[in-house]
Each structure stands twice: as structure tokens, then as C-alpha cells.
Amino acid sequence: MAKRYASLLLLNSPLPPPSSLSPSRHHLQPRISFPQTQSFFGVGTRTKPISASMAEAQSSVRREDIIIIGAGIAGLSTALSLHRLGVGSLVVEQAESLRTGGTSLTLFKNGWGVLDAMGVGNDLRSQFTEIKGMVIKSEDGRELRSFRFKDEDESQEVRAVERRILLETLANQLPTNSIRFSSKLVKIERNETGETLLELEDGTRLSGKIVIGCDGIRSPVAKWMGFSEPTYVGHCAFRGLCFFPERQPFEPRVDYIYGRGLRAGYVPVSPTKVYWFICYNSSSPGPKITDPSVLKKLAREMVKNWSSELLNIIDQTPDDTIIRTPLVDRWLWPAISPPASSGGVVLVGDAWHPMTPNLGQGACCALEDAVVLARKLSDALKLGPDSVEDALRSYGSKRWPRIFPLTIRAHLVGSILQWDNPVVCSVRDNVIIPKLVRLGPMLEHTNFEFEPL
């Protein structure tokens with residue numbers, strides 16, 4: 001009997017005919033299996049295979065208890081948090097493999113606390129350098145201020161982590177075949193029973209009791225839920241990961257350089273790698289540039305008269321690690337923005353609250369979201385499926401008072417650091433930074449308590 005569906009949204013162009021799709025594009029592996037549910041939302045043995053055959057993929061709707069859209073930091077950390085609590089899930093990712101591109105990200109003590117709860121903290125610590133402090137300089141090389149993190153907060157822990165290694169570490173802790181690659185979402189529907197129907201580009205149809213959108217700043221799930229596109233904040237950033245074959249020569253600290261409408265920084269990631277960035281004002285995001293050699297040339301030109309150390313780092317950076325991105329955020333205004341959940345669909349990380357990187361809290365907040373949502377869901381499922389929607393609403397209510405102020409603070413900090421008026425920059429460099437800035441209050445947002453997994 002035909003079913004009626006509400007809230008239909010096409011996210012892509014119509015699907016091509018099955019004959020036009022090569023089976024090798026459907027999945028990273030020839031056969032990836034789905035779980036055979038043993039009990040409601042329990043961890044099950046994955047025994048029912050997904051065939052690469054389009055005929056099989058389109059023949060029926062495959063039912064899952066929890067489907068996570070996106071295998072980035074938010075998606076994998078949510079899946080792992082649920083797994084630690086004995087709750088199974090399926091992660092669907094549009095790419096053919098883990099997205100190991102990009103450079104690195106900074107994790108403060110709140111992020112490390114969550115990684116410890118997931119059981120992967122020590123594995124990651126052993127691979128990355130602990131950052132002891134920071135130095136702020138003017139563009140002419142004059143030191144304006146320096147801090148040691150432990151002097152401000154004895155419990156503080158700061159490390160820059162390679163995105164690739166973080167993703168691989170999280171994924172390796174999940175049960176076999178927990179991630180279904182080459183699975184681009186093209187349609188979302190909600191049926192009369194309240195379940196969410198997902199259609200993938202290869203024709204596969206999935207039905208989930210709970211769908212968790214972890215699909216990044218341009219999230220199709222967020223768009224379906226009524227969220228606006230993230231807003232460009234007027235700055236773009238170059239990022240790169242420099243490699244020293246022998247050993248990188250820098251102290252374990254963050255070096256910041258502030259100019260007029262332009263700033264840069266670099267920090268050791270490991271004994272052989274250094275992460276760097278350049279952030280600059282731009283009235284528009286500009287054209288997309290995919291040639292990394294062009295990106296390197298543009299980045300170097302911007303700071304050609306700055307520190308020779310910075311220029312040397314850029315020169316030694318492999319071209320394929322350099323990226324340029326426009327910085328965006330989304331302010332979750334109360335009573336205006338949609339809630340984090342709608343029925344059995346909920347958002348996590350950048351899909352819900354993209355923020356600028358000025359506080360180093362984007363990844364940390366995604367990790368926080370994951371552990372809070374996992375605990376809420378685990379507790380609700382013990383009471384029965386009727387408690388799930390209440391749990392999702394409770395997650396949104398708990399996270400919003402933390403996320404909204406952090407998004408605004410990150411935006412304002414970025415705006416101040418990108419000042420380009422010479423008089424204002426002089427006041428910043430000679431009064432505000434040397435005499436008024438205190439690091440302790442600036443790091444209070446890294447305090448985060450949560451129920452253990």
C-alpha cells in the first residue's frame with residue numbers, strides 16, 4: 001500500500017538510472033554489512049550484507065535504529081560515545097573513505113576530557129606535542145605578551161592534533177562495518193509513523209528511528225530542519241601542515257603575529273610537523289582555488305615582510321596540505337533559530353553550530369555534543385522509545401546555553417584581532433594586549449563537566 005510522506009526535501013538532482021552507476025563507486029568495500037538488531041537500539045552483530053547491486057539497493061527500505069550522517073569528528077565521536085554505552089549505530093558518509101584532508105586542530109582540556117571518556121585520549125597524546133604556552137608578537141617581530149597555560153590553569157592541556165589521525169583513531173574503535181562510505185544523502189522524508197526515510201545517491205533507502213546530522217557546516221539535514229546557511233564573517237584563512245624530515249626546531253608554544261587586518265600563527269604538532277595559519281580580511285570569500293601551489297604562493301605573498309621563521313615554515317609545507325577556507329558561523333538566536341532536534345532528527349557539531357576558530361573550540365564543542373547526546377539517548381532508551389524525543393529536546397536545551405555564547409565570543413575575538421585601522425591597531429598592540437589581556441578568564445570556557453560514559 002502506498003505511503004504518504006511529509007516534509008519532503010530534494011537535496012540533489014534526480015538520481016541517474018541504475019545502469020549509469022558503477023558498483024565500484026557505491027562503497028569503499030565490495031560488501032558492507034548492516035546490523036541485525038538483537039534488541040531495541042542494542043549493539044547487534046552486523047550480519048546482513050549490503051550488496052553493490054543496484055537492484056538489491058532499490059528493492060526495499062533498510063531499517064536502522066540510529067543513523068548518523070557524516071563520518072567527521074562529530075559523527076565518529078557520536079558513534080563511539082554511543083558504542084561505549086552499548087548502543088549501536090550506522091554512520092553513512094558520502095566520501096569514498098575517511099576525509100583525511102585538512103591540516104590540524106587545537107584541542108583544549110575540555111576536548112581531552114571527552115577523548116579520555118571515549119577511551120582514546122592516551123593513544124592520541126602519545127603522538128602529539130603538549131603546548132606549554134603562547135607568545136604574541138607584532139608584525140615587526142616585537143614581543144607583546146607571553147603566557148604559560150599551566151600558570152593560568154594547572155589543569156589546562158593544549159595540543160594540536162592532526163585531523164587525519166584523530167578521525168582514524170575514532171573510526172578504529174568502532175565495530176567492523178559501522179561506516180558505510182560512498183553514501184551521499186539526496187532526499188529526506190518523514191513518514192506517518194514518525195520514522196525518517198533517507199534516500200542515498202546510489203538508490204539505497206534507509207529508515208531510521210533516530211537520525212543524527214553530523215554533516216558539517218553546509219549540512220543538508222540542518223537545511224531540511226529549517227536552519228539558515230552559515231554567515232560569512234568577513235575573513236578567510238590559509239592553513240597548512242609543515243613537515244621537517246629530521247626534527248622541527250620550535251619550542252612547544254603557539255606563536256601569534258598580529259598585523260593590520262592580517263594575522264598569522266604557528267604551533268608544533270609533533271616532533272616533525274608544525275601547523276600554521278594566516279587569517280586575512282576579505283569582503284567576499286573569493287573564487288575557489290584548488291591548485292595548492294597557487295595557494296602557497298598567495299599565502300607567502302601576504303606575509304612576505306614578516307618573520308623569516310613563518311616564511312620558512314610555509315616554504316617547507318607540502319603543497320597538498322595547504323587549504324584556504326572562508327570563515328563562517330551561525331548564531332542560534334533564542335525563539336528565532338530552529339531547535340536542535342525535530343522529532344527523531346537531531347544535529348551535532350558544525351551542522352548545528354558552526355563557529356569561527358578564534359577560540360579553538362569548534363572540534364571541542366563537537367566532542368562535547370557527542371558525549372552529552374550519547375548519554376541522553378542511552379538513558380532514554382532504558383525507559384523505552386517514547387522517551388527518545390524528550391531526550392533529544394533535553395540535549396538541545398542543555399547544549400544551547402554553552403554553544404550560543406561561545407559562538408558569539410569567537411566571532412567578537414576574531415573581529416578584534418582583524419582590526420585594520422592603524423590607530424586602533426596601535427592601541428591594541430601597545431595597551432590592550434600588553435596591559436589589559438588576561439589569559440585565565442579567556443580560557444574559562446574550557447571548563448566542562450559531563451556524566452562519564
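## Methionine 118 and its surroundings

Leaving aside its neighbours within four places in sequence, methionine 118 is in contact with Ser77, Leu80, Ser81, Arg84, Leu170, Leu367, Ala370 and Leu453. The model in which these contacts are found is a predicted one. Methionine 118 belongs to helix H3, and, because its relative accessible area is 0%, methionine 118 counts as buried. One of its contacts, leucine 453, is 335 residues away in sequence, yet the C-alpha atoms of methionine 118 and leucine 453 are 7.3 Å apart in space.

Methionine 118 is also among the residues with the most contacts inside the largest nonpolar core, together with Leu76, Leu107, Leu115, Ile179 and Ile212. This core has 105 residues, and its largest share, 12 residues, is supplied by H10. Apart from it lies another core, which has 22 residues, including Phe238, Leu262, Val303 and Leu311.

## The chain as a whole

The protein chain has 453 residues, of which 53% count as buried, and its secondary structure comes to 13 helices and 20 strands. Among the contacts in the chain with a separation of 6 or more, 75% are between residues 24 or more positions apart. The accessible surface of the chain comes to about 19,900 Å², and 51% of that surface belongs to carbon and sulfur atoms.

## Helices and what covers them

Helix H6 has the buried residues Ile165, Leu166, Leu167, Thr169, Leu170 and Ala171, and Leu170 is one of the residues in contact with methionine 118. The cover over the buried residues of H6 includes helix H2 (73-84), strand S6 (104-107), helix H3 (109-118), helix H4 (121-125), strand S9 (159-162) and S10. In helix H10, which runs over residues 362-383, we find serine 378; serine 378 is buried, because its relative accessible area is 4%. Apart from neighbours within four places in sequence, serine 378 is in contact with Leu85 and Val87.

In helix H8 (residues 292-302), the buried residues are Leu295, Lys296 and Ala299. Seen down the axis of H8, these buried residues fall within an arc of 100°, and therefore they line one face of the helix. Among the elements that cover the buried residues of H8 are strand S14 (231-243), strand S17 (273-281), helix H9 (308-315) and strand S18 (323-329).

## A sheet of seven strands

An open sheet is formed by seven strands in the order S8-S7-S15-S16-S17-S14-S18, and the pairing within it is mixed. Strand S8 (143-148) and S18 stand at the edges with a single partner strand each, so one side of each is left without a neighbour in the sheet. From one strand to the next, the twist averages 20°.

Inside this order, strand S15 (residues 253-258) and strand S16 (residues 262-270) pair in the antiparallel sense over four bridges, and tyrosine 258 stands opposite arginine 263 in S16. Helix H12 (residues 422-436) packs on the sheet, where it touches strand S7 (133-138), S8 and S15, and the direction of H12 makes about 15° with that of S8.

Which residues does asparagine 358 touch, not counting residues up to four places away in sequence? They are Arg263, Ala410, Val413 and Gly414, and Arg263 is the residue that tyrosine 258 stands opposite in S16. Asparagine 358 lies in the loop between strand S20 (345-347) and H10, and at 17% relative accessibility asparagine 358 counts as buried, because the cut-off for a buried residue is under 20%. The C-alpha atoms of asparagine 358 and histidine 411 are separated by 7.3 Å, although the two residues are 53 residues apart along the chain.

Most residues other than glycine have a negative phi. Asparagine 177, however, is not a glycine and has a positive phi of about 65°, and serine 182 likewise has a positive phi, near 50°. Asparagine 177 is found in the loop between helix H6 (163-172) and strand S10 (179-180), whereas serine 182 is in the loop between S10 and strand S11 (185-191). Is each of them buried or partly exposed? Asparagine 177 is partly exposed, with a relative accessible area of 22%, while serine 182 is buried, with a relative accessible area of 11%.

Terms used:
Residues are numbered from 1 along each chain as its sequence is written. This is a predicted model: local features need pLDDT of at least 70, side-chain atom pairs count only at pLDDT 80 or more; totals for chains, interfaces and linings use all residues. Side-chain values use heavy atoms; hydrogens and water are left out. Helices (H or I, at least four residues) and strands (E, at least two) are DSSP runs, numbered from the N terminus. Buried means under 20% relative accessible area, exposed over 50%, partly exposed in between (1.4 Å probe, protein chains only). Contact means heavy atoms within 4.5 Å. The arc is that of the directions from the helix axis to the C-beta atoms. Two strands pair if DSSP finds at least two bridges between them. Axes are lines fitted to C-alpha atoms, for helices over the stretch in contact, and angles run from 0 to 180 degrees between N-to-C directions. Accessible areas come from the Shrake-Rupley method with a 1.4 Å probe; for residues, only the protein chains shown count as cover. A nonpolar core is a set of buried Ala, Val, Leu, Ile, Met, Phe, Trp, Tyr and Cys residues joined through side-chain atoms within 4.5 Å.
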